[in-house]
2 protein chains.
Amino acid sequence: MGTFDFDRAITLEPGDQPGRFRGELDGSWIIGNGINGGILMGMGALALRRVLDEDGRHPDPLALTAYFLSPSAPGAVVVGTEVLRAGRTMSTGQFSLTQVDASGPVERMRGLATFGDLTERVEPLLRTEPAPPMPPPEGCLGKDDEPRFRPRSTLLDRMDLRLDPASTGWLRGEPSQEGVIRGWLRFADGREPDVLSLLWALDALPPVAFDLGLIGWTPTLEFTSHLPAHPAPGWLQVVVTTGNVAGGLMEEDARIWDSTGRLVALSRQLCAWRLPRPDERDQE
Amino acid sequence: MGTFDFDRAITLEPGDQPGRFRGELDGSWIIGNGINGGILMGMGALALRRVLDEDGRHPDPLALTAYFLSPSAPGAVVVGTEVLRAGRTMSTGQFSLTQVDASGPVERMRGLATFGDLTERVEPLLRTEPAPPMPPPEGCLGKDDEPRFRPRSTLLDRMDLRLDPASTGWLRGEPSQEGVIRGWLRFADGREPDVLSLLWALDALPPVAFDLGLIGWTPTLEFTSHLPAHPAPGWLQVVVTTGNVAGGLMEEDARIWDSTGRLVALSRQLCAWRLPRPDERDQE
C-alpha cells in the first residue's frame with residue numbers, strides 16, 4: 001500500500017473511534033473546481049470494507065451509491081461508517097465524508113453500499129453486454145497528441161487515457177452530438193485495476209456533456225455503481241453515454257470492460273450542467 | 001388524501017419526534033413473499049418531502065436511492081428522516097424504514113434522495129429517449145385475459161397492467177430471452193400518476209428475469225430512480241430491460257413514458273435471483 005498514486009490517495013488512518021477513519025485529499029486529483037469524485041467514492045468504499053469485511057468474507061462492493069453534498073477541497077477528511085446489515089452472503093453499510101472549513105464541519109458526501117465476494121459470483125454468466133468496437137489504444141488520442149486535451153486538471157497526470165477519435169470532435173469544437181465518449185484507461189504509474197479503482201474509473205472520463213457541445217460544469221448529484229466482476233490486469237475500455245438531458249439535469253451512464261472483454265463495472269449518475277460564467281471561463 | 005389506494009398505502013402520521021413518521025403497511029400490496037418495494041420507496045419519498053419541502057420549494061424527488069435490508073411485513077412502520085443539505089435549488093435527505101418484529105426493531109430500508117422543483121425543469125429539453133413502439137392497451141394482455149397472469153400477489157388488484165404480447169411468452173413457458181418486458185400501467189381505482197406513484201410504477205412490472213426463463217425470487221438489493229418530469233394524466237408506458245445477469249445478481253433497468261410520450265422516470269436496480277425451492281414452488 002502507498003506505492004501507487006491511487007492507493008496513497010485513498011489511504012485511511014484509524015480515527016477517533018471505531019468505524020471512523022482519517023484521510024487526506026491532496027491536490028493531485030483535481031478536475032475543474034474540485035477533487036475528482038471517484039477518489040471520494042474509492043475512499044468511502046475502502047472505509048466500508050474495513051468495517052464490513054472484518055472476517056474477510058465481504059471484500060467487494062457489489063453496489064455503491066454516493067450523494068454529493070458540497071465540493072471537496074484538498075486537506076483532511078473524516079470518513080464515518082455505519083453497519084446497517086451484516087448478512088451471510090452480503091453486508092450493507094453507510095459512509096459519510098466530512099471536512100472542516102471556516103464554518104465548521106461540512107459533509108461532502110453520504111453513501112450506501114452492499115458488499116459481498118465477487119470470487120463467488122463468476123458463474124453462471126447468463127447475460128452480459130459485449131464491449132463495443134473501438135480502435136486499439138495505439139489508434140486513439142492521448143493527452144500528448146492533442147494540446148486542447150488539457151483542462152484545468154491534475155487528474156490527467158494520474159492516468160493514461162486514450163480517446164476514440166470518433167468521440168473527440170468536441171476538442172475541435174465539433175461535438176458529434178451522439179452523446180457518447182469512448183476511451184481506453186489505465187493508471188499512469190502502472191497500478192493494475194481492482195474493484196476500488198473501478199469506482200474511480202467510472203468517473204474518470206471527460207463529461208459526456210462535452211460530446212453534446214455542453215462545455216461547462218457538470219457537478220454530480222448522485223452516482224451509483226454496480227461491479228459485476230473483478231477486472232483482469234491491463235487496459236480498461238470505458239464508454240460513457242447519455243440519453244436524457246433536460247431542465248439543467250443530465251443522466252450519464254458509464255460502462256467498463258476489462259482486457260478480457262468482460263463487463264466489470266457500470267454506473268449511472270445524475271448531474272447538473274450549466275455553462276461557465278465569463279469569470280470562470282477566464283480562469284481556464 | 002386517503003381516497004385512493006396508493007395514497008392510503010403511503011399515508012404518514014406524525015411520529016414521536018420531529019422528522020419521524022408512522023405508517024401502516026397493509027396486505028393489499030403483496031408480491032411474492034413481501035410488500036412491494038415501490039410502496040416503501042413512495043413512503044420514504046413522502047416522508048422526505050415533509051422535511052425537505054417545508055417552504056414548498058423542493059417538492060419533487062429528482063433522484064432517490066433505496067437499499068433494501070430485510071423483507072417487510074404487514075403492520076406498523078416507522079419512517080425516520082435526516083436533512084443532509086438544504087440548498088437553494090435542491091435539498092438532500094436520508095430516510096429509514098423500521099419495523100418491530102419478535103427480535104426488536106429491524107431496519108427494512110435505508111435511502112437517500114435529492115429533491116427539487118420539476119416545474120422549473122421542463123426546459124430546455126436537449127435530449128430524451130423516445131418511447132418504444134408498442135400495441136395500444138386494447139391490443140395488450142390484461143390479467144383477465146390470461147389465467148396464468150396471476151402470481152401469489154394482491155398487487156395486481158391495485159393496478160391495470162396490460163403487457164405487450166411480444167413480452168408475455170414466459171406466461172406460456174416460452175420466454176423471449178430478449179430480456180425485455182413492456183406494458184401499459186395505471187392504477188385500478190383511477191388515481192392519476194404523480195412523482196410519488198412513479199417511484200412505485202418503476203417497481204410494479206413482473207421481474208424482467210421472467211423473460212429470460214428465470215421464474216423465481218428476485219429480491220432487490222439497491223434501487224435508484226431518476227424523475228425528469230411530472231407525468232401527464234393517463235396511461236404510463238413502462239419498459240423493463242436487463243443487460244447483465246451473472247453470479248446470482250441481475251441489473252434491471254426501467255423506463256416510463258407518460259401519455260404525451262415524454263420520458264418521466266427511469267431506474268436501475270441490482271437484484272439477486274434464485275429459483276424457488278420445491279417447498280416454495282408448492283405454495284404458488
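Start with strand 9 (residues 125-127) of chain A and strand 14 (residues 245-246) of chain B: two bridges join them, and they run antiparallel. Strands here are DSSP runs of E, at least two residues long, and helices are runs of H or I, at least four long, both numbered from the N terminus; two strands pair if DSSP finds at least two bridges between them. Zoom in on L125(A) and you'll find A246(B) of strand 14 standing opposite.

Before moving on: this is a predicted model, where local features need pLDDT of at least 70 and side-chain atom pairs count only at pLDDT 80 or more, while totals for chains, interfaces and linings use all residues. Residues are numbered from 1 along each chain as its sequence is written, chains are lettered from A and ligands numbered from 1 in the order written, and side-chain values use heavy atoms, with hydrogens and water left out.

**The interface**

Now select everything in chain A that is in contact (heavy atoms within 4.5 Å) with chain B. You get 54 residues of chain A, touching 54 residues of chain B. The buried area, meaning the accessible area (1.4 Å probe) that two parts lose on being put together, summed over both, is about 4,200 Å² between these chains, with carbon and sulfur atoms giving 58%. Highlight Y67(A), R127(A) and R268(A): they supply 19% of the area that chain A buries against chain B, more than any other three residues.

Next, how many salt bridges cross the interface of chain A and chain B? The rule (a side-chain nitrogen of Lys or Arg within 4 Å of a carboxyl oxygen of Asp or Glu) finds four. Pick E82(A) and R110(B) to see a salt bridge with its closest N and O atoms 3.0 Å apart.

Jump to R191(A) and D7(A), which meet in a salt bridge at 2.7 Å, N to O. R191(A) sits in the loop between strand 11 (180-187) and helix 4 (195-201), D7(A) in helix 1 (residues 5-9), 184 residues apart. R191(A) and D7(A) are buried.

Then try D16(A) and R20(A), bridged at 2.9 Å between the closest N and O atoms. Buried or exposed, what is D16(A)? D16(A) counts as exposed because its relative accessibility is 61%, while R20(A), at 29%, is partly exposed.

Select strand 13 (residues 236-241) of chain A. Five of its six residues are buried, so the strand is largely enclosed by the rest of the structure. Strand 11 of chain A pairs with strand 13 in the antiparallel sense over six bridges, with R182(A) partnering V239(A). Strand 15 (residues 249-257) of chain A pairs with strand 13 too, antiparallel over five bridges; there T241(A) has D253(A) as its bridge partner.

Last stop: P18(B), in the loop between strand 1 (13-14) and strand 2 (20-25) of chain B. P18(B) counts as exposed because its relative accessibility is 82%.

How values were computed: Buried means under 20% relative accessible area, exposed over 50%, partly exposed in between (1.4 Å probe, protein chains only).
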